[in-house]
Amino acid sequence: MATLSPFLSKTPLSNTPTISFSSSISTPLKWKSITSFSPSGSSSSRSRRRIFIVQSKIREIFMPALSSTMTEGKIVSWIKSEGDVLSKGESVVVVESDKADMDVETFYDGILAAIVVPEGESAPVGAAIGILAETEAEVAQAKAKAASAGAAAPASHPVTSTPVPAVSPPEPKKVAESAPSGPRKTVATPYAKKLLKQHKVDINSVVGTGPFGRITPEDVEKAAGIAPSKSVAPSAAPAALPKPAPAAAPAAPLLPGSTVVPFTTMQAAVSKNMIESLSVPTFRVGYPIITDALDALYEKVKPKGVTMTALLAKAAAMALVQHPVVNASCKDGKSFTYNANINIAVAVAINGGLITPVLQDADKLDLYLLSQKWKELVEKARSKQLQPHEYNSGTFTLSNLGMFGVDRFDAILPPGQGAIMAVGASKPTVVADADGFFGVKSKMLVNVTADHRIIYGADLAAFLQTFSKIVENPESLTL
Amino acid sequence: MHYSAAFSQAATSATAVPTISGSRHVGALHSSSSSCTLLIPSKPINLRFCGLRREAFGFSPSAFTRCSNSQRVQLPSRRRFKGSNVSASLGDNGIPKSFDYDLIIIGAGVGGHGAALHAVEKGLKTAIIEGDVVGGTCVNRGCVPSKALLAVSGRMRELQSEHHMKALGLQVHAAGYDRQGVADHANNLATKIRNNLTNSMKALGVDILTGVGTILGPQKVKFGTDNIVTAKDIIIATGSVPFVPKGIEVDGKTVITSDHALKLEFVPDWIAIVGSGYIGLEFSDVYTALGSEVTFIEALDQLMPGFDPEIGKLAQRVLVNPRKIDYHTGVFATKITPAKDGKPVTIELIDAKTKEPKDTLEVDAALIATGRAPFTNGLGLENINVVTQRGFVPVDERMRVTDANGNLVPHLYCIGDANGKMMLAHAASAQGISVVEQVTGRDHVLNHLSIPAACFTHPEISMVGLTEPQAREKAEKEGFEVSVAKTSFKANTKALAENEGEGLAKLIYRPDNGEILGVHIFGLHAADLIHEASNAIALGTRIQDIKFAVHAHPTLSEVLDELFKAAKVKDHASNPVSEPVAV
């Protein structure tokens, strides 16, 4: 049993009387403690120590936060009873958190004047559970105050900024348990009840869609505004189990002679990502780009080991610097997540699978370093030695099928990213320039798929314009 | 050929033993197996027995081990029998009376099986009567098939725990299961163990008599319709059946007992489990791992009554609270109606104290796990003037049956669930062995406080001896001091390597003399860990001695090592000449 640091906190100085429990005690005490203080003239060292907190001769013992996840605690037992004299460091009360029972000790000497939350009951973290008086003289007063405030005691407490912990924890439990006993039963499954409590959803606001109209965990999640997709993953397997048919049975019967080959791990991951991508509303914008200048540059730098992939990644990264929203992502459907780094993931086909090694900080590295980095990544991908951060840290993806002669295609946006660029082959094309002269130029079509929750048409258009300018005037790439 | 080698070995190991005159043995094989035959008191049985022993050796090497080992232990009794050529069926008071058997056991469950094996070892001509299938509840409808289900649930739970897997660096996608496959695993296991049990008895020469056994009078039993056999001693080992309280309608489909649940015919979305003891807890582990939600209904104010409160609390924190389980405590289920006509299973609850209606639950299924009732009907106890108490056969501490007047019924014993002393398979077996010891002339009282118990949830719970409140009560009465030592699995290397640091071991002991009063473990493989403590209690080993025993590192057993070392035994108590406690 671990001993936790004390949670006796001094009652705050409150000049403006509020309805808060602590202030109702501390305000009247202000004068009281001062008067009782001077004549008694107790040990001088103590009085010096206390000089700043004169008014807090009566202290509240608060429900401590014993773990990062603890929101409420149950009083297992009071080691001390009312009237006991406590000395600094002594264990006063045993508190049960969601994880363990722990002794809570006091930092202060004093007398346990009143127990506000009795054994077996719970209180939210930060609520007063007991009152500590410094001297006998204050005990009665503290007691009276505690008693009068007793009912409301756990209600409001000065430390937590939220004035709502009024909902003392045992209450919701009771509600959940006794809820079905109402006039017309509302039935919720055990896990649904847990979720109701966890997400603080009122049971009456949830419409049950389960068997016999009962409230299922999915109903609660829906009511709480949580995408049920999260719960689908873990519960899908068991949920499908009672009726194994739907999940397992393929819609169409197998044709004779066909074989079924299960996915490899990589293929299963791709499949999972692809299904997940369906939940994102995407749109696509295409753009033609003249690549003669880029091709010329490529011929020049090729002997130095620069690859077309590196050139394109660098160009995309430079364009992204100017259009940070295209490098952003939407994690929760409610906000933009702007990424600090520009990490270009490049799709690579590998042994019947697909992986996206990531060129991190592609905007900051020069072309040669980038090319070298890319070679390393491809080598690692081949030998299956890519570390997770080397394939899942991308903020923007590049997919190039140009080498196969594909002139245009359209990519699926990987979950967690804002946009992906599909690059087609650069082909000689007859183009007319502004003056009406025809000429043959190499033209490449790029097509960007983006998450429309955060990236709008104009954003993509502007980004593509920048990108095409960089590609058509590629000198900046080598800088 | 295999067994002849084994025999010669046995013969060598028996060289120090005075040989029995060769004339009693037929053929070389028999004389070479003298180490076995020495155990056997009489000539006729001797001959018959040896012949069967041959099969036994061929059947399994362990049978051989048992034989040679027991030979070593049994030196004194052998000497006693050596000179006597009288038949084993020697009656009381020296009046020779011919019995069909030395020992008849009614009921071939784990208790009966344990007794039969030990009886054979002691040279008794033994028969076992079984009206149903060999193996009883444990093998067919209890511990054994449930372990198969729990093995599945443990793995499912692990594979579904993304957090756990990630912490180990594993990636698993979509763990799923095939219900029928799981059910088959449980069924196959039961069949296999049942066959092993049957074969081991057959191989040792135990007669398996099929039919319901009824006691007709002293030393006389009927089995089947009209077969009557006599025996010098009789052991009742008829076991128990699931207890279903009044008002509960079991249809075997939506309202079920453990008998049905073990067949795993369906996995309901939501199941209420009435009773939160071992059976209820284990099933909650199985069902939640397979995707069900569970509601516990417990008559007492606390879940898991019977466990040490501290262990129960921790177990609740790990096995109940984070899972898809809720509970109603302090309530009785007065009426449970199976699902029919498109209606769900309904459960009416009343307050356990005020008896006022409290709630009605609607669930998909209900499992009745309210304990077990002795199976003693039709046993013919009225023929010998024995009256059961709530169905249990009354016995004394030596498992001797007492009649309506409180007098001992000679030659009649009752072991296992039927006497209700400790309703555990291994306790039944231990009681059976104790009885056999007694009928073969060695007084023996089983120390029930040394019998461990385990609940095979994930993680497991195990215990032996007293709980802390029990120990404190006893200490109060007898005026001694009680101390408690605890260790956590979090400090154990092996547990942490498995990423299963959740757990606690608790030792309740007397600081004045170092006696172990109880040990309770909640954590990884707790059921396997408890035996060090139960053996210590059985043998009377004190903490100040056992703390010097060495444990391999890193193993889970170090949790107990730490525990013994954490205990503070007063100095003056150290190293008394430890006298084994009567067991």
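Modeller: A residue counts as buried when its relative accessible area is under 20%, as exposed when over 50%, and as partly exposed in between, using a 1.4 Å probe and protein chains only. Helices are DSSP runs of H or I with at least four residues, strands are runs of E with at least two, and both are numbered from the N terminus. This is a predicted model, in which local features need pLDDT of at least 70 and side-chain atom pairs count only at pLDDT 80 or more, while totals for chains, interfaces and linings use all residues. Residues are numbered from 1 along each chain as its sequence is written, chains are lettered from A and ligands numbered from 1 in the order in which they are written, and side-chain values use heavy atoms, with hydrogens and water left out.

Colleague: Which residues of helix α10 in chain A are buried?

Modeller: An α-helix has 3.6 residues a turn, so residues three or four places apart point the same way. In α10 (residues 292–301) of chain A, the buried residues are A:L294, A:L297, A:Y298 and A:V301. They lie on the same side of α10(A) because they cover an arc of only 105° around the axis, the arc being that of the directions from the helix axis to the C-beta atoms.

Colleague: What is exposed on the other side of α10(A), and what covers the buried residues?

Modeller: A:E299 and A:K300 are exposed on the other side. The cover over the buried residues includes α11 (308–322), α12 (367–382) and α13 (457–472) of chain A, where contact means heavy atoms within 4.5 Å.

Colleague: At what angle do helices α7 and α15 of chain B pack?

Modeller: Axes are lines fitted to C-alpha atoms, for helices over the stretch in contact, and angles run from 0 to 180 degrees between N-to-C directions. Helix α7 (residues 110–121) of chain B packs against α15 (residues 425–439) of chain B at about 30°, with the axes 7 Å apart. Residues of α7(B) in the contact include B:G111, B:G114 and B:A115, and those of α15(B) include B:A428, B:G432 and B:V436. The contact residues divide into 7 nonpolar, 5 polar and 1 charged; here Ala, Val, Leu, Ile, Met, Phe, Trp, Tyr, Cys and Pro count as nonpolar, Asp, Glu, Lys and Arg as charged, and the others, Gly among them, as polar.

Colleague: Where is B:P459 found, and which peptide bond joins B:H458 to it?

Modeller: B:P459 is in the loop between β19 (453–455) and β20 (460–465) of chain B. The bond from B:H458 to B:P459 is cis, with omega about 0°. Another cis bond runs from B:H553 to B:P554, with omega near -10°.

Colleague: What is phi of B:D341?

Modeller: Phi of B:D341 is near 50°, a positive value in a residue other than glycine. B:D341 is in the loop between β12 (331–337) and β13 (345–351) of chain B, and counts as exposed because its relative accessibility is 73%. B:N499, also not a glycine, has a positive phi of about 60°, and is partly exposed at 30%.
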